[in-house]
Amino acid sequence: LIQLFIPLNFLGVLYREIKQALADLERMFNLLHVNREVSDAPDARPLQVSGGEIVFEQVGFAYDPERPILQGVDLRIAPGTTCAVVGASGAGKSTLARLLFRFYDVNQGALRIDGQDIRSVTQESLRKSIGIVPQDTVLFNDTIAYNIAYGKPGATQSEIEAAAVAAQIHDFIQSLPQGYDTVVGERGLKLSGGEKQRVAIARTLLKNPPILIFDEATSALDSRTEQAIAAQLKAISADRTTLVIAHRLSTIVDADQIVVMEAGRVIERGRFDELVSAGGAFARMWALQSGEEQDDARAEELVA
Ligand code: ADP
Ligand code: MG
């Protein structure tokens, strides 16, 4: 019986290892966003980024042909400027980011970066040019150092640490017994949503791409950390084309352009002050949120 048990037990261990390895592989593909629906054109060329102008031209898109998501979206983000996208959950904000990274191809219209249709360039060059801090960051089952360096293969330890300092996660990492060698993820230390997000920010800072996408990048953070990071994000996005999908409207006061989405369409656009004084959808959202923020501040005072 023992003779039978040992190999079975061994097979059990092997099975678990293989299953884990497959799960890791799946996560890696998710992270690399390998998507069978999108492939390089036979004559695809590398994307040439000069200023980083982004144009959505009459973009229509549906995940499922029965249910249109984006309809007639026109958007021009001038080189080096910041465009904020706001709107209710399900309005299609993250879909804009996914299309720009080319997880999916548009069904109507076109998406251009510096005049090049993104369907005509290699995915590798496109994704090298764009840094994305997604809503839900997936980390590799590997060390924190590896997870940050993923943004720039071959990065030195001091580059990794500088990025972590800027993303406000260095002190936390240093406080761990194994520091930057701490394994995170499934089989290692579980990080909170805010900590994972800061690792993703550090990775993006290290990657240093000409185009940035932040998808509600600071939504999982407490307000003090959020403010500290907002200053960093502002600094790195200063001379880069940035698409920021914003949750807290107070973080986009300085955006060059704000786009309000509703049910897959752009319903308003302008600068913060213009939209507030226009008294439309954005003004109503702002009135609601600034009221809530005052309530939060009052609650914090009461607790303190
Ligand atoms: P937002 O970021 O504004 O909350 P999304 O762009 O994520 O909205 O989603 C827009 C709509 O598309 C939602 O109704 C959502 O349910 C749908 N959707 C998002 N991702 C998928 C998907 N992978 N497959 C099918 N429908 C999706
Ligand atoms: Mg979203």
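Reader: Which residues form one aromatic cluster with Phe 61?

Author: In this predicted model, a search of the whole structure finds eight aromatic pairs. One of them joins Phe 61 and Tyr 63 edge-to-face, with 4.8 Å from centre to centre and 80° between the planes. Phe 61 also forms a tilted pair, at 5.6 Å and 50°, with Tyr 104. The cluster around Phe 61 therefore takes in Tyr 63 and Tyr 104.

Reader: How many residues apart are the partners Phe 61 and Tyr 104?

Author: Phe 61 belongs to strand 1, residues 54-61. Tyr 104 sits in the loop between helix 2 (93-100) and strand 4 (108-113). The pair thus links distant parts of the chain, and the two residues are 43 residues apart.

Reader: Is Phe 61 buried or exposed?

Author: Let's take its two partners along with it. Tyr 63 has 35% relative accessibility and counts as partly exposed, and Tyr 104, at 22%, is also partly exposed. Phe 61 has a relative accessible area of 5%, and the limit for burial is under 20%, so Phe 61 is buried.

Reader: Which residues of helix 2 are buried?

Author: Helix 2 is mostly covered, with seven of its eight residues buried. Its buried residues are Lys 93, Ser 94, Thr 95, Leu 96, Ala 97, Leu 99 and Leu 100.

Reader: Which residues are closest to ligand 1?

Author: The shell around ligand 1 holds 13 residues. The closest are Arg 67, Gly 90, Lys 93, Ser 94 and Thr 95.

Reader: How much of the accessible area of ligand 1 does the protein cover?

Author: Start with ligand 1 on its own, where the accessible area is 570 Å². Of that area, the protein covers 66%.

Reader: Why is strand 9 largely enclosed by the rest of the structure?

Author: In a regular strand the side chains alternate between the two faces of the sheet. Ile 211, Ile 213 and Asp 215 point one way from strand 9, while Leu 212 and Phe 214 point the other way, and all are buried. Strand 9 is largely enclosed because its buried residues number five of five.

Reader: Which residue of strand 10 stands opposite Leu 212?

Author: Strand 9 has parallel neighbours. Strand 6 (residues 130-133) is joined to strand 9 by four bridges, and there Gly 131 has Leu 212 as its bridge partner. With strand 10 (residues 241-245), strand 9 pairs over five bridges, also in the parallel sense. In strand 10, the residue opposite Leu 212 is Thr 242.

Reader: What separates the C-alpha atoms of Ser 250 and Phe 214?

Author: Ser 250 is found in the loop between strand 10 and strand 11 (257-262). At 34% relative accessibility, Ser 250 counts as partly exposed, whereas Phe 214 in strand 9 is buried. The two are 36 residues apart along the chain, and their C-alpha atoms are separated by 15 Å.

Reader: Which residue has its backbone oxygen 2.8 Å from a polar atom of the side chain of Ser 129?

Author: Ser 129 lies in helix 3, residues 123-129. Ser 129 is buried, with 9% relative accessible area. The backbone oxygen at 2.8 Å from its side chain belongs to Ser 125.

Notes. Residues are numbered from 1 along each chain as its sequence is written. Chains are lettered from A and ligands numbered from 1 in the order in which they are written. This is a predicted model: local features need pLDDT of at least 70, side-chain atom pairs count only at pLDDT 80 or more; totals for chains, interfaces and linings use all residues. Side-chain values use heavy atoms; hydrogens and water are left out. Buried means under 20% relative accessible area, exposed over 50%, partly exposed in between (1.4 Å probe, protein chains only). Two strands pair if DSSP finds at least two bridges between them. A residue is near a molecule or strand if one of its heavy atoms lies within 4 Å of it. Accessible areas come from the Shrake-Rupley method with a 1.4 Å probe; for residues, only the protein chains shown count as cover. Rings of Phe, Tyr and Trp (its six-membered ring) pair if their centres lie within 6.5 Å; planes under 30 degrees apart count as stacked, over 60 as edge-to-face and the rest as tilted. A polar contact is a pair of N or O atoms within 3.5 Å; within protein, one must be able to donate a hydrogen and the other to accept it, and residues adjacent in sequence count only if both atoms are side-chain atoms.
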